[in-house]
Amino acid sequence: MPETCLSVGLAQISPVWLDRKATTDKIVHWIETAAQDGCDLVVFGETLLPGYPFWVERTDGARFESGIQKSLYAHYVTQAVSIEDGDLDKICAVAQSKNIAVYLGIVERAANRGGHSVYCSMVYVDRQGVIGSVHRKLMPTHEE
């Protein structure tokens, strides 16, 4: 039996924090780089797109009636990924054009949940640019 090999790239990059468009462009660049380097699959970290809500633990994020918290959260939600709205279309297109599969950690604004809640989700895009799965993290960790 012939030996099968899968070349995997691990892209440990930072987001352009809470800027979905700029972070998507950065991800596309790193997908292209991984494909050029011969990877069959490239993997990105949790909540890369559009970034982790680190401010919660540094700004008394449990104050639900705080104007600052409401403002930060509202911006966070607008920058979250809506798969149904095509927010991952550029990533799917580059996966297809470069014949590379992608695992990407996103903050998902799920339309089928009203669009007001966000989830840490892991998206798999196959080499044909098709989203094969979306795994939502349903139990938040401490500060989430």
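Student: In which helix is T24 found? Please describe that part closely, together with what surrounds it.

Tutor: This is a predicted model, and in it T24 is found in helix 1. The relative accessible area of T24 is 5%, and because buried means under 20%, T24 counts as buried. Leaving aside residues up to four places away in sequence, T24 touches L49, D87, K90 and I91.

Two of these names, K90 and I91, return when we look at how the helices pack, for they are among the residues of helix 4 that make its contact with helix 1. Helix 1 covers residues 20-36 and helix 4 covers residues 89-98, and the two pack at an angle of about 10° with their axes 10 Å apart. Since angles under 35 degrees count as roughly parallel, helix 1 and helix 4 are therefore roughly parallel to each other. On the side of helix 1 the contact is made by T24, D25, I27, V28, I31, E32 and A35, while helix 4 brings K90, I91, V94 and K98.

With 42% relative accessibility, S14 counts as partly exposed. Not counting residues up to four places away in sequence, S14 touches K26 and L48. The C-alpha atoms of S14 and Y52 are separated by 10.0 Å, although these residues are 38 residues apart along the chain.

Note on methods. Residues are numbered from 1 along each chain as its sequence is written. This is a predicted model: local features need pLDDT of at least 70, side-chain atom pairs count only at pLDDT 80 or more; totals for chains, interfaces and linings use all residues. Side-chain values use heavy atoms; hydrogens and water are left out. Axes are lines fitted to C-alpha atoms, for helices over the stretch in contact, and angles run from 0 to 180 degrees between N-to-C directions. Helices (H or I, at least four residues) and strands (E, at least two) are DSSP runs, numbered from the N terminus. Angles under 35 degrees count as roughly parallel, over 145 as roughly antiparallel, 65 to 115 as roughly perpendicular and the rest as oblique. Contact means heavy atoms within 4.5 Å. Buried means under 20% relative accessible area, exposed over 50%, partly exposed in between (1.4 Å probe, protein chains only).
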